[in-house]
Amino acid sequence: DPQQLELATSGKRKLRRFIVIDEVVDELYGSKVREYFEENNVQHKILALPTTEETKSMDLVLNILQEVQSFSIDRRTEPIIAIGGGVCLDIVGLAASLYRRRTPYIRVPTTLLSYVDASVGAKNGVNFLQCKNKLGGYTPPVASFLDRSFIQSIPRRHISNGLGEILKMALMKHKGLFDLLKSHGKYLLDTKFQSYSGSASHGDAALQTTRIAIETMLEELAPNLWEDDLDRLVDFGHLISPELEMRVLPSLMHGEAVNIDMAFMTYVAHARGLITAEEKEQIIQCMRGLELPVWHGGCSWPLIKRALTERLKHSGGQPRMPLPTGLGVAEIFNDTSEETLERAYKLWVRD
């Protein structure tokens with residue numbers, strides 16, 4: 001809006017920003033963030049909060065809103081900025097969508113998982129009654145600012161966790177991305193997705209991998225931003241994992257739980273004759289190469305049945321099960337029998 005731009009840059013009114021930052025990110029980068037706003041003469045309030053799956057609640061949203069109210073922002077020209085991982089971006093997105101019905105917000109992801117997943121799309125939410133993201137809405141950010149330099153300070157396990165969501169897009173939509181992960185997975189873990197001039201032999205795998213992952217995610221989400229169509233390939237790995245993740249908190253991270261779900265579903269695809277034994281093995285070996293768990297004792301047969309029953313409740317009475325039909329190609333199935341699921345489960349347990 002030219003008028004808003006003129007107002008913001010004319011100097012008639014000092015720029016103001018309200019920032020919510022994850023407390024761990026604040027310890028690492030808080031001084032740089034403050035310095036940035038001071039150098040640009042922006043009046044700011046920085047709220048550092050513990051944003052984890054355990055604290056992802058309506059209470060934290062209300063805490064943010066009280067601070068927003070006391071700082072007093074203009075809901076048209078002063079977007080709230082969220083700096084952190086997926087949980088932080090989810091909580092702030094929900095808070096912004098509630099404040100005066102909708103206040104613009106900006107996502108600044110600081111983990112690999114949030115960089116390729118939470119940065120894209122419209123969803124936000126919090127956990128409720130021990131159910132993952134049971135409360136939430138669809139309010140896209142006005143922008144997502146992507147900066148891979150944040151990723152260099154996160155632990156190796158967190159990089160692996162993000163690779164779980166990248167692998168999801170590779171298995172569903174992009175054989176080239178799967179080949180990249182298979183060839184360069186260890187390198188990406190070792191270099192923490194940073195680009196180096198000496199990395200020519202890897203063809204800037206970090207840039208290629210993140211770009212393809214985000215582009216394929218956008219391709220899938222953009223035509224169906226409000227999830228009017230419940231047949232979604234991006235739900236691969238998300239049929240059993242929400243139940244598993246909440247059940248075993250905090251022992252599994254989101255991308256790890258998703259990968260365990262994907263590993264089981266790979267066995268289901270093989271049991272249905274959709275992929276060959278060799279393709280199944282390639283997928284499982286790629287997961288291992290990315291240092292992702294392919295099994296968890298908490299993922300019992302009763303939990304799987306319960307999770308799939310829960311799935312039916314919020315997917316229009318159909319399982320809508322995305323399954324690979326090859327490497328980088330997939331379809332959605334509604335006719336997988338319980339006998340096939342159980343057979344796949346027994347093979348998975350055996351292996």
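How many salt bridges are there between domain 1 and domain 2? The count is two, where a salt bridge is a side-chain nitrogen of Lys or Arg within 4 Å of a carboxyl oxygen of Asp or Glu. The structure is a predicted model, in which local features need pLDDT of at least 70 and side-chain atom pairs count only at pLDDT 80 or more, while totals for chains, interfaces and linings use all residues. Residues are numbered from 1 along each chain as its sequence is written, and side-chain values use heavy atoms, with hydrogens and water left out.

The domain assignment gives domain 1 as 2-152 and domain 2 as 156-223 + 232-350; such bounds come from an automatic or database domain assignment. Taken over C-alpha atoms, the centres of domain 1 and domain 2 are separated by 28 Å. To the contact between them, domain 1 contributes 20 residues and domain 2 contributes 27 residues, contact meaning heavy atoms within 4.5 Å.

The two domains bury about 1900 Å² between them, with 68% of this area on carbon and sulfur atoms. Buried area here is the accessible area (1.4 Å probe) that two parts lose on being put together, summed over both. Of the area that domain 1 buries against domain 2, 32% is supplied by Leu-112, Leu-113 and Arg-148, more than by any other three residues.

Four residue pairs, both members at pLDDT 80 or more, are in polar contact between domain 1 and domain 2. A polar contact is a pair of N or O atoms within 3.5 Å; within protein, one must be able to donate a hydrogen and the other to accept it, and residues adjacent in sequence count only if both atoms are side-chain atoms. On the side of domain 1 that touches domain 2, helix H5 (112-118), strand E5 (123-128) and strand E6 (131-138) each supply at least two residues. H5 gives the most to that side, with five residues. Helices (H or I, at least four residues) and strands (E, at least two) are DSSP runs, numbered from the N terminus. A salt bridge links Glu-245 with Lys-132, and their closest N and O atoms are 3.3 Å apart.

Asn-41 lies in the loop between helix H2 (23-39) and strand E2 (43-49). Its phi is near 55°, a positive value in a residue other than glycine. Beyond its neighbours within four places in sequence, Asn-41 is in contact with Lys-14 and Leu-15, and its side chain makes a polar contact with the side chain of Lys-14 at 3.4 Å. Asn-41 and Asp-59 are 18 residues apart in sequence, and their C-alpha atoms are 32 Å apart in space.

Glu-227, in the loop between helix H8 (205-221) and H9, likewise has a positive phi, near 60°. Glu-227 counts as buried because its relative accessible area is 17%; buried means under 20%, exposed over 50%, and partly exposed in between (1.4 Å probe, protein chains only). In the loop between helix H9 (241-248) and helix H10 (254-271) lies Pro-250. The peptide bond joining Leu-249 and Pro-250 is cis, with omega about -5°.

The structure holds zero disulfides, a disulfide being a pair of cysteine sulfur atoms within 2.5 Å. For Cys-286, which is in no disulfide, the nearest cysteine sulfur is that of Cys-299, 20 Å away. Cys-286 is buried, at 4% relative accessibility. Cys-88 is also buried, at 0% relative accessibility.
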